[in-house]
Number of protein chains: 4
Amino acid sequence: MTLRIGVVGTGMMGQDHIQRLAASVLRVEVVAVSDVNLEQAKRVGDGVGARVYADGHELVGDDQVEAVLIASPGFTHEEFTLACLAAGKPVLCEKPLAPTIDACLRVLEAEAAMPRRLVQVGFMRRYDAGFRAMKEGLDGGQVGQALLLHCRHRNAAVPPGFTTDMMITDSVVHDIDVTRWLLGQEIVAATVYKARRTSHAPEGLADPQMVLLETAEGVLVDVESFVSCQFGYDIRYELVGETGTLSLGEQSGVLVRQQGQYHGPIPADYRERFGDAYQAELQEWVDGVLRGEVTGPSAWDGYATTAVAEAAVESQTKGDRVVVELVDRPALYA
Amino acid sequence: MTLRIGVVGTGMMGQDHIQRLAASVLRVEVVAVSDVNLEQAKRVGDGVGARVYADGHELVGDDQVEAVLIASPGFTHEEFTLACLAAGKPVLCEKPLAPTIDACLRVLEAEAAMPRRLVQVGFMRRYDAGFRAMKEGLDGGQVGQALLLHCRHRNAAVPPGFTTDMMITDSVVHDIDVTRWLLGQEIVAATVYKARRTSHAPEGLADPQMVLLETAEGVLVDVESFVSCQFGYDIRYELVGETGTLSLGEQSGVLVRQQGQYHGPIPADYRERFGDAYQAELQEWVDGVLRGEVTGPSAWDGYATTAVAEAAVESQTKGDRVVVELVDRPALYA
Amino acid sequence: MTLRIGVVGTGMMGQDHIQRLAASVLRVEVVAVSDVNLEQAKRVGDGVGARVYADGHELVGDDQVEAVLIASPGFTHEEFTLACLAAGKPVLCEKPLAPTIDACLRVLEAEAAMPRRLVQVGFMRRYDAGFRAMKEGLDGGQVGQALLLHCRHRNAAVPPGFTTDMMITDSVVHDIDVTRWLLGQEIVAATVYKARRTSHAPEGLADPQMVLLETAEGVLVDVESFVSCQFGYDIRYELVGETGTLSLGEQSGVLVRQQGQYHGPIPADYRERFGDAYQAELQEWVDGVLRGEVTGPSAWDGYATTAVAEAAVESQTKGDRVVVELVDRPALYA
Amino acid sequence: MTLRIGVVGTGMMGQDHIQRLAASVLRVEVVAVSDVNLEQAKRVGDGVGARVYADGHELVGDDQVEAVLIASPGFTHEEFTLACLAAGKPVLCEKPLAPTIDACLRVLEAEAAMPRRLVQVGFMRRYDAGFRAMKEGLDGGQVGQALLLHCRHRNAAVPPGFTTDMMITDSVVHDIDVTRWLLGQEIVAATVYKARRTSHAPEGLADPQMVLLETAEGVLVDVESFVSCQFGYDIRYELVGETGTLSLGEQSGVLVRQQGQYHGPIPADYRERFGDAYQAELQEWVDGVLRGEVTGPSAWDGYATTAVAEAAVESQTKGDRVVVELVDRPALYA
């Protein structure tokens with residue numbers, strides 16, 4: 001049994017997914033790709049023997065396409081996701097579900113009216129072995145109730161044009177999702193603190209920052225967001241519970257003893273760090289769809305994450321605590 | 001050459017110091033002890049062959065006493081320190097220098113009028129090998145300018161009667177001092193966040209908390225203060241600089257592989273964790289005094305730390321950011 | 001493009017492989033299985049829709065079968081591998097290639113007469129990310145020439161009937177292969193030392209042992225073989241070079257702080273530890289065969305490993321150093 | 001109460017001890033020093049206000065000298081130790097007790113005839129916190145009976161003139177003592193294996209080597225002796241017991257994240273690694289002597305260690321296993 005999918009968007013993220021689907025995901029075939037940059041779409045599509053469209057809506061309408069992966073720019077996510085819902089096709093939409101709360105709500109309402117979920121949002125960290133072990137430890141009662149969560153999210157560098165609000169919407173958005181999923185509760189407020197600015201930050205970027213999140217049950221979450229840290233891609237988490245703490249383990253690799261030091265590697269970027277997570281995300285999505293289920297991060301998760309991110313961006317400007325207000329959770333996401 | 005000292009206060013802290021002085025500090029002799037609890041003072045003093053006083057002022061006035069260590073309750077520190085200054089005797093005063101800003105300022109002014117420093121405050125972490133290596137790394141430019149500092153300060157449990165403000169004045173006060181010393185700059189604001197309360201906290205204690213400190217140059221410092229963490233005495237620091245981070249190493253000990261796990265020890269309390277630091281503090285103080293110098297944490301450090309602690313305590317109540325205002329730094333502490 | 005394979009042997013190892021092939025290996029289909037236990041073969045074969053044979057030779061002869069995986073008991077490996085060679089079909093033979101040197105030589109000679117390699121032996125550690133990073137470090141000159149290699153090979157427990165020679169032929173055989181591959185040179189002598197016997201060893205088993213291997217260029221290799229270690233499946237390696245050492249990193253997982261200790265997990269068995277390596281082995285074998293290549297551990301590796309193992313077993317009895325003599329290496333394996 | 005001691009030998013080791021005694025050991029005074037190099041003895045002795053002798057025997061005879069520390073070259077240890085015994089003065093003799101078995105036996109016999117021990121041999125590792133925790137774990141039954149012991153003894157480099165037998169008598173001799181002490185049993189045989197020679201070894205030195213020791217109860221001990229390892233002073237131990245293993249923890253210090261790596265320090269030499277152990281050794285010796293006891297490594301330990309070292313040196317030449325034969329243990333050392 002093989003799932004025939006179409007991929008909307010053949011930029012870097014789309015190409016990554018297509019290559020991964022072809023090389024290492026089972027029971028799936030990429031039968032169509034689309035991009036407004038038709039030439040790029042052709043080059044990528046030809047590599048995997050897929051039909052090529054300039055318009056994502058035509059791809060969604062293609063009868064051969066049973067499910068859709070959306071990897072086009074964020075502002076287009078709403079329209080393609082709604083098109084998939086209209087066509088009754090399961091869709092894996094790269095994060096964000098949509099860049100604004102209103103756009104997210106439109107998707108949410110459309111799906112909430114349906115008998116079952118079709119939309120999954122691409123928060124791949126939930127598929128990482130370390131994060132999963134952490135959640136298993138917490139849910140298994142290993143350290144009692146969660147009280148605090150410390151997160152480090154460091155990138156070696158960012159491309160020119162990376163803006164201060166993107167530190168939230170592009171980077172911390174992952175920590176927002178992990179927090180909600182790991183703790184099983186919503187975030188009710190966000191406060192952003194700007195630290196001393198590194199001289200390695202691109203012009204105009206307030207880097208690094210500390211984002212403080214408060215959950216419905218009072219768990220306090222601090223996220224260090226540092227996108228010009230120079231030394232690597234460094235993701236670290238420590239969850240503090242009533243009787244102990246759980247931390248993500250070091251990435252192992254090989255330990256070297258040399259010239260008066262022992263040393264080990266830090267991943268270079270998110271692809272190296274989360275390559276296995278991306279693959280698990282795709283494989284589980286494919287297998288779920290083949291079984292008729294969508295179980296990963298939902299449109300509700302996409303909406304709630306965008307709502308928290310928007311509050312944090314507002315706090316960046318106002319320099320103050322911003323409360324997060326969510327609509328009632330539709331029954332579909334109970 | 002031997003320094004003859006008197007110890008004011010023979011409670012737990014005083015006894016610890018006296019035992020350490022007798023067992024493992026060179027070039028020093030405890031010749032006098034005092035306590036309002038005369039019986040306790042006698043028991044302790046007899047153990048080391050010291051003269052015994054009920055009144056600390058008599059001890060300070062004893063001609064045989066060349067220098068004084070104050071380990072009596074915090075509210076008495078001011079009067080004994082002032083007495084030492086009046087007598088021209090070097091004094092190592094356990095933290096805090098005094099419990100209020102005004103009291104600290106009276107000591108500061110008294111000393112600032114003298115030709116050289118006589119007062120040292122007992123912030124022993126500055127004498128810990130790990131903290132020293134961290135400062136050496138930062139000062140040596142190993143990671144560029146400091147941007148953020150993450151601190152964990154966890155105690156297994158606290159005695160009954162421990163109050164919410166003591167989480168600052170008794171515990172975080174060490175992190176305040178380390179921050180100022182490590183970064184070489186003053187703290188200008190404090191904000192306290194209360195996390196979800198652990199069910200293991202004593203009645204009425206808001207435990208754990210996160211204290212956010214901001215320094216003069218914009219370094220952001222977060223201190224987790226958790227005094228009922230159950231699992232041990234756990235002090236961890238990570239300093240984030242422009243090109244890398246510096247962390248306190250794990251305490252080594254012996255690593256065990258057993259029953260499906262590898263495991264290593266966490267210290268039980270501050271005596272186990274900082275025993276070597278206390279000894280180094282005392283030895284360096286004794287040797288400095290014998291050379292005619294006092295080089296450790298100064299009355300200014302004691303004052304500034306109390307000022308920041310007071311701001312943090314105010315923030316605990318107000319639930320808001322409180323600015324720290326310091327008087328001009330006297331020339332003696334330049 | 002899909003490779004149609006047959007699996008000889010549907011015992012534990014065969015079932016593991018079949019399950020892994022079905023669940024997580026791409027571009028392969030199991031079209032036939034065989035076992036002398038026909039009922040078991042049927043149950044397993046039906047699960048994946050494969051034809052079922054009682055006789056492995058019939059499976060090899062099946063026109064639908066393009067390549068063969070042999071997972072039957074070791075003493076049958078020779079006959080089935082020879083049958084594959086006669087049929088010109090690529091074969092992945094679980095270790096050992098054959099249990100005796102003579103049997104290995106018969107396979108070697110049969111293949112050496114052919115124009116290209118068809119046989120691969122199932123030494124999966126070469127596909128483990130940690131071992132690969134170690135080899136990359138050594139080959140990249142990170143620590144200069146290799147001088148010593150320390151290996152720990154620990155199993156929690158072994159089934160009844162596990163014999164002293166099986167500590168070599170079943171367990172250390174992996175370390176023999178890794179040594180040859182990692183160092184790129186043959187082993188010329190083996191000496192076995194029996195340590196104090198653990199009270200947890202099954203009746204009659206001399207457990208643990210230390211196996212000393214010497215390579216052609218004088219590298220000294222010590223392998224601790226301990227199959228009743230109780231605490232987990234613990235594989236550790238340290239390679240000592242002229243300017244530094246390379247060690248396999250700890251398996252990461254989640255680090256817990258609790259009850260006076262920090263602790264992390266040790267794998268329970270070889271499936272947990274080497275699951276990813278088995279999968280990489282199968283995927284790379286399938287993809288190689290589809291490209292017309294066999295690049296993994298060769299019949300020569302299978303022969304040389306058996307020769308060293310036989311020397312070590314002899315040393316177990318004689319209690320002395322036994323020299324390994326190899327035939328000339330056929331040109332096919334240059 | 002202060003112990004007045006004399007130090008025989010003012011070379012590097014003697015100066016180290018004298019400096020440590022003056023700077024950081026309590027209840028002791030160095031009142032006399034001696035060296036055949038009288039000028040050196042004067043320079044060193046004047047620094048601490050000690051009387052100076054050219055002849056160690058005169059120092060031993062000095063009425064002011066209550067106990068003696070011998071740090072002169074190994075071949076002189078016998079005569080000075082015997083002189084101390086004759087004078088009834090406690091003596092701490094640097095390792096070795098004497099360079100030959102016969103010389104050790106003469107000391108042993110002289111002391112065995114006395115009513116109580118006077119001689120301690122300078123095996124300082126027994127005073128290291130890590131080794132002590134390991135012994136405590138083993139003796140406390142944490143991992144059951146000991147079965148194997150893996151030791152790494154690495155020096156960055158050695159001075160010119162360092163010979164192959166000195167790899168045993170100067171370096172491995174510490175591991176021999178630790179093995180006997182940790183396991184509480186004698187070593188009965190030694191076998192030395194020479195590994196591939198590093199290109200960084202001084203002319204004529206067979207470096208590195210593996211020394212295999214067998215104990216009376218069958219525990220197998222392997223010691224890697226590598227004195228030109230280039231990268232630091234690296235001492236690591238793993239004890240394998242019936243239910244688990246105990247390893248020396250990493251030296252902690254500060255962990256740095258930088259340029260794609262995390263890294264921590266390895267000590268540069270034995271002084272950095274064992275500075276605290278040397279101090280504990282001296283302090284405990286002084287305090288023991290003041291109480292009228294000598295409890296550290298005995299003349300028997302010195303003799304047995306030399307006997308094992310001699311067997312290992314013989315094995316270096318013969319390339320074979322050499323049995324260790326000890327005389328009966330005198331009652332004094334029961």
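Biologist: How many residues does the contact take from chain B and from chain C?
Modeller: Contact here means heavy atoms within 4.5 Å. By that rule, chain B puts in 18 residues and chain C puts in 18 residues. Before we go on, bear in mind that this is a predicted model, in which local features need pLDDT of at least 70 and side-chain atom pairs count only at pLDDT 80 or more, while totals for chains, interfaces and linings use all residues. As for labels, residues are numbered from 1 along each chain as its sequence is written, chains are lettered from A and ligands numbered from 1 in the order in which they are written, and side-chain values use heavy atoms, with hydrogens and water left out.

Biologist: Why do chain B and chain C meet through the same surface?
Modeller: Look at who is on each side: 100% of the interface residues of chain B are also interface residues in chain C, so the copies use the same surface.

Biologist: What area do chain B and chain C bury between them?
Modeller: Buried area is the accessible area (1.4 Å probe) that two parts lose on being put together, summed over both. For chain B with chain C that comes to about 1,600 Å², with 48% of it on carbon and sulfur atoms. On the chain B side, the residues that lose the most area to chain C are Phe231(B), Arg257(B) and Tyr262(B), together 44% of what that side buries.

Biologist: How many salt bridges does the rule find across chain B and chain C?
Modeller: The rule asks for a side-chain nitrogen of Lys or Arg within 4 Å of a carboxyl oxygen of Asp or Glu. It finds 2 across this interface.

Biologist: Which strands of chain B supply at least two residues each to the side that touches chain C?
Modeller: Strands (E, at least two residues) and helices (H or I, at least four) are DSSP runs, numbered from the N terminus. In chain B, the suppliers are strand 11 (234–241), strand 13 (254–258) and strand 14 (261–265). Strand 14 of chain B gives the most, with 5 residues.

Biologist: How do strand 14 of chain B and strand 14 of chain C pair?
Modeller: Two strands pair if DSSP finds at least two bridges between them. These two run in the antiparallel sense over 5 bridges. To find one on screen, go to Gly264(B), whose bridge partner is Tyr262(C).

Biologist: Which residue of chain B forms a salt bridge with Arg196(A)?
Modeller: That would be Glu217(B), with the closest N and O atoms 2.7 Å apart. The rule finds 6 salt bridges across chain A and chain B.

Biologist: What rotation superposes chain A on chain B?
Modeller: A rotation of 180 degrees with 0.0 Å of shift along its axis, giving an RMSD of 0.0 Å. The two copies are thus related as by a two-fold rotation axis. Of the residues of chain A, Asp222(A) comes closest to that axis, its C-alpha lying at 4.4 Å.

Biologist: Last one, on the backbone. Where is Pro96(B) found?
Modeller: Look in the loop between strand 5 (91–94) and helix 5 (101–112) of chain B. The peptide bond from Lys95(B) to Pro96(B) is cis, with omega near 0 degrees. In chain C, a cis peptide bond joins Lys95(C) and Pro96(C).

Conventions. Least-squares fit on C-alpha atoms with pLDDT ≥ 70 in both.
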